[in-house]
Amino acid sequence: MEQKIRSQHIHGYFDGLSAYLNKNDTQPGEERLVLSPFLGTGVISRLKIRQGIEVIVSDMTLEEDWDQVIHEDRVFEINYCFSGRTDCLFKGNRFSTGIHSGNVYSVEDSEIRLFRRSKERYRGLEIRMTPEQVLRYFEGDEACVKGWLKDQAGRISPLMNSLPLQRAMHEMLCSPYHGSLKKLHMESKIMEIILLVLEKYTMGNDQFPDSWMKKQDIEKLYAARQIIAGRLENPLSLKELARAAELNEFKLKKGFKELFGMTVFAYVRDQRLEKGAYLMQAEQMNVGEAAAAVGYSNPSNFSAAFHKKYGCKPIQYVKSKKP
């Protein structure tokens, strides 16, 4: 099925979809588009946080492939895929997103082509904003973000996936709130996600005026943090991590603590517990499974460390997060 949508404002994409799908507004404050049996099963919903900011959530299984041609007037978007796959064609370049991956882009007067396959469940989330709304979150300190938006214009960049990003996206997808409280919860998560996405680009030597670190050192320390995130169950030694990030051990140890506020060891431990909490909450693992998945051979040690960080036992934490 081919769809042609001209989005002349930030909310135009969802409005354009309504020409192809049935509208069914059963949730207060949310708009829902329901697939007909001919197209497949599932729902695409939109929550307008306010003018210029919206969140679109898709959960559908298609009967036939979708080929969407979308002309965007002006939009900043962060999208994330929980399951399924989307292929994107933009200015002759092809991008793909699969489970636990996504993109960020800022485009103006541009055409984007999306392909989604039939017979597989697609679940995704899109945060759509005007660039002006992004800048409002950085009021008084807009220069660095303006520079990033300018550099990003007309480009699609893959998200640097991380556990905090996965958790924030999952909490948006499974928000337990309704009405105005849901809008408030969603916007708090949007602000968290924008911080995670832009953190690397807004941190520089001007944030550390008395630091010995150079811009290249900061970039390599962010790379080290990303390496850690990908090997939580089997972390590298300091020596191995320094070599992988192209830093000497002194710069790694001193710079990591100065930039991120904790030692490498403390960060590994903290992220293991964060991932364990995420796996129990989002993947419904039990304590033993989550402990093993993040590299704890003894569940009791995991539970003790978890209690020290969160102030409660793992099972109590999971119960407190249920709607």
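Let's start with Glu-187. Leaving out residues up to four places away in sequence, Glu-187 touches Ile-49, Arg-50, Ile-53 and Tyr-137 (contact: heavy atoms within 4.5 Å). This is a predicted model, with local features needing pLDDT of at least 70 and side-chain atom pairs pLDDT 80 or more, while totals for chains, interfaces and linings use all residues. Numbering runs from 1 along each chain as its sequence is written, and side-chain values use heavy atoms, without hydrogens or water.

Where does Glu-187 lie? In helix 5, which covers residues 179-202. Helices (H or I, at least four residues) and strands (E, at least two) are DSSP runs, numbered from the N terminus. Glu-187 counts as buried because its relative accessibility is 13% (buried is under 20% relative accessible area, exposed over 50%, partly exposed in between; 1.4 Å probe, protein chains only). Its side chain makes a polar contact of 2.9 Å with the side chain of Arg-50. Polar contact here is a pair of N or O atoms within 3.5 Å; within protein, one must be able to donate a hydrogen and the other to accept it, and residues adjacent in sequence count only if both atoms are side-chain atoms.

What joins the side chains of His-185 and Ser-175? A polar contact of 2.9 Å. Beyond four places in sequence, His-185 touches Glu-171, Ser-175, Pro-176 and Tyr-177.

Glu-171 also forms a salt bridge with Lys-189, with the closest N and O atoms 2.6 Å apart (salt bridge: a side-chain nitrogen of Lys or Arg within 4 Å of a carboxyl oxygen of Asp or Glu). That pair links helix 4 and helix 5, 18 residues apart. Lys-189 is buried, at 12%.

Pro-164 sits in helix 4 as well. Pro-164 is partly exposed, at 25%. From Pro-164 to Glu-192 is 28 residues in sequence and 9.1 Å in space, C-alpha to C-alpha.

Now the core. Which members of the largest nonpolar core touch the most others? Of its 30 residues, they are Ile-78, Ile-190 and Ile-193. A nonpolar core is a set of buried Ala, Val, Leu, Ile, Met, Phe, Trp, Tyr and Cys residues joined through side-chain atoms within 4.5 Å. Helix 5 gives the largest share of this core, six residues. Ile-190 touches Ile-49, Ile-53, Val-55, Ile-127, Met-129, Tyr-137 and Met-172, not counting residues up to four places away. Another core lies apart, with 25 residues, including Leu-17 and Leu-39.

Back to charges. How many salt bridges does the structure hold? There are 26. One of them pairs Arg-46 with Glu-31, closest N and O atoms 2.9 Å apart. Arg-46 is in strand 4 and Glu-31 in strand 3, so the pair ties together parts 15 residues apart in sequence. Both ends are buried: Arg-46 at 1%, Glu-31 at 19%.

Compare Lys-119 and Glu-63, whose side chains meet in a salt bridge at 3.0 Å, N to O. These two are 56 residues apart, each in a loop between strands. Lys-119 is exposed, at 58%, and Glu-63 is partly exposed, at 41%.
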